[in-house]
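This report describes selected strand arrangements, beginning with the term on which the description rests. The sequence and structure are shown below.

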Amino acid sequence: MQLTINGRRVEFEPGQTILETAEAHGLEIPTLCHLKRAYPIQSCQICLVEVAGRQTLLPACATPADAGLDIRTDSVRVHEARRSILQMLAASIRHPHPVRNQAGDAALNRLLTSYQVPLPLEQATRDTDTAPFATPDIAYRPEHCILCHRCVVACRELKGIGAIEIIKEHGRSRVVPYRPELCESCGECLMTCPTMALTDAVSPQGDRVWSGEKTLTTCGYCGCGCQLEINTDQGRVMGMSTPFASGVNQGSLCVKGRFGYEFIGSQDRLVRPLIRKNKSLEEAGWEEALSLAADRLQGILHASGPNSLGGLASAKCTNEENYLFQKFFRSLIGTNNVDHCARLCHASSVTGLKAAFGSGAMTNPIRDVLKSRVILITGSNITENHPIFANYVVEAVLKHGARLIVADPRRICITRFADVWLRPKPGTNIAWLNGLMHIILQNGWQAAEYIEKRTEGFAELAEAVEEYSPKYVAGISGIPEDELFKAAELFGTLHPGSILYAMGITQHVSGTANVQSLANLAMLTGNVGLEGGGVNPLRGQNNVQGASDMGGLPNVLPGYQPVTDPESRRHFAASWSVDSLPAEPGLTTSEMAAGGGVTPLRGLYIMGENPVLSDPHQARVIETLKNLDFLVVQDIFLSDTARLADVVLPGACFAEKEGTFTNSERKVQRVRRAVPPPGLAREDLWIIADLAGRMGRAWDYQGAAEVMQEIASLTPSYGGLTYDRLEYESPAWPCPKPDHPGTPRLHQERFSRGRGRFHPLTHRAAVDPPSRDFPLILTTGRVGPHYHTGTMTRRGIALTRLYPEALAEINIRDAARLGVEDGDMVRIESIQGSIQAKARVSERTDAGVIFVPFHFRESPVNALTGSALDPEAGIPEYKVTAVRVKKAEG
């Protein structure tokens, strides 16, 4: 279908507006209130256009495109109407500086200039005061506000929150906190403001116009992989923004991405190497520190052999750095003792999905949920831990009619949008998933043709789930029979269906089986290999996917090529100019760092990991690290782990280096340097290469781009990637050749292993269940404002004031029985140890369950967790630990 704009015939799609049609053909129609992902607001009327045959001007944002329309966007009548509106806006606001928003978009200012509307002098010089807002991280100046509604609509429609509203007070309308307890401090409102009525209250420049440089890069927090602009002035980070139509985030950021930049310039940053002398760490130069590290590592290697050394790579570091790190251990040391924190979060995803599908990664891009008719989220507090991915789920529900099932023991925020919320007891995932499949089979809702053509092992699965009747499942999981049936009916009858999950599924001794149960459900309903379907693990850290891809695991070389495969070893050995590579899988993180003094290691090299806080059974971790002959830690802060080191090497954060990260969707994205590392700190790539040189391997890489060339030559799934290409696109692997477009969806024609494999599974009881002495279940996790062990997010005011200390979530009934009130300090004890934390009493957790985040060194929750592991993936049990709680004394 066609219409005419300014004399030009253009095509349009059914359902498009005039504004969308114009934008699709590169024709600009100015707007102030319009938000691309929201319903038309129509408050500013700046987008008025003239349509032949219509008496009045029409808003382009809300007028449907129709065949044969003759539209003028630049007529005299249109120009004068817009100028009149801008004159009224200019007269209604006061601002002490040019109008420019946090994205540098200068929306209103640009229009005032374009339409030659002067700013009255008295308005341009008058200072204004701030008014209360929903978050302390954003300043609101009502006298700058044109009441365009963009901020309110962004919060309500794009985020599904509704924390702010416009009301009339004292004869003047203004934006006010409406439900501030729901505010995520994400800054969605801030990003949409066209007048600087909303400004970053954290930035060193305050509400002044930022006029420095912008560097496009990839966020260094969770696995969403958002595109960021680092705003800098004279080598100092002044704030974060994001392009409106770039990357997975499409103009959105979360609270960490928007405000969590203070750590970059923190006074606590490591700026010089440290060496332990006389039992204390003292500053040293690079020559002394690296020479000592090389000498001590070589000494252990020669005295005790290669398997007496190990290394922990990092999900916070780039692909290139992780590649060199594992190359250092395999080709120079001669051991496969290399692992990283994927062992603690999604090792069971890799193991479980590889066994079921042949590949252990997210099968679909997150935007596919916009095509889903039903979505199952389980074990994922998605709005706090993957907020940008949550945006897509909210949009799918509110705008596209998707039905949502949430299975989680806690009343997390996403349950507000759920058609069905299942609240299983922690550790009963296999039972309720088998129950769903039992109901689907009983009612004939399975995808029979798909099962016949594309899978194997169905008969065994059907037999395994036969006993999991709703009544039987209710007895194990606590899920009411009718709720289980509703969920099964939704997922069994609506197609396509997408499954999103995270560590509430994986961090169990049954983690691999839990993941395989989700794979069973997806294959049973024919939901793998198609748009809107899939089984999608949401990765917790910025590059946990990439670190795994790069061989930061003890059993695989880069690209998941098994260390046990002779041909793979020969191929890498030839490229790395060594005679051979070790054939036996190495030790896992749990075996290296939590051996309780019985680890076979004498030396350990840790890059960007903090196992003292992140690994289970803290007392044993500390004992193991202290018993080492030599410990090297490479990090940006003096973490609790670094405090135990013999040598500390100061590295660079994501804003200070070049490289790539691979996000949860398997998209490989560029990381770019915006500022130099502080003091004498160096890029991690340089540190690893220099250390290798001192140990006999001259790695003369000219930079990260050259390392990526080597990765592409050895890793088939990255074979088509170069820095030239990554400058303008971010393909999802596998991308084997330069002309390959990448693979957004896996298993479309066939599974990576040929046929998808069903795994018959049965419920397994927790290894540390509640008892008379320890009657409550402790489950651990993350909260929205913080990240991992808090070394980055607890270094500034923006995030710390939102969540300043560890809070132990306790159910109202348990609190009443224990005599605990909200805000009381409580002591939490397990067989492993004890901690103190402040009680948050609510119904967010179920009776018999408490939740404590692991970000806080003052309340190290992993002092309570045990050493039980999943037998296949080696992942620890973080979600079921028996504890007791009492009010703290004093």
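## Basis of the description

Two strands are said to pair if DSSP finds at least two bridges between them. The model discussed here is predicted.

## Strand 26 and its neighbours

By that criterion, strand 25 (residues 603-607) pairs with strand 26 in the parallel sense, over five bridges. Within this pairing, Y605 has V632 of strand 26 as its bridge partner. Strand 26 is also joined to strand 27 (residues 647-650) by four bridges, and these two strands run parallel.

## Burial of strand 26

Strand 26 spans residues 630-635, and six of its six residues are buried, so the strand is largely enclosed by the rest of the structure. The cut-off applied for burial is a relative accessible area under 20%. F630, V632 and Q634 point one way from the strand, whereas L631, V633 and D635 point the other way; all are buried.

Elsewhere in the chain numbering, six strands close into a barrel in the order 31-35-32-34-33-36, with mixed pairing. From one strand to the next, the twist averages 45°.

On strand 35, F851 is the bridge partner of T779. In general, strands of a sheet pair through backbone hydrogen bonds, either parallel or antiparallel.

Technical notes: Residues are numbered from 1 along each chain as its sequence is written. This is a predicted model: local features need pLDDT of at least 70, side-chain atom pairs count only at pLDDT 80 or more; totals for chains, interfaces and linings use all residues. Side-chain values use heavy atoms; hydrogens and water are left out. Axes are lines fitted to C-alpha atoms, for helices over the stretch in contact, and angles run from 0 to 180 degrees between N-to-C directions. Buried means under 20% relative accessible area, exposed over 50%, partly exposed in between (1.4 Å probe, protein chains only).
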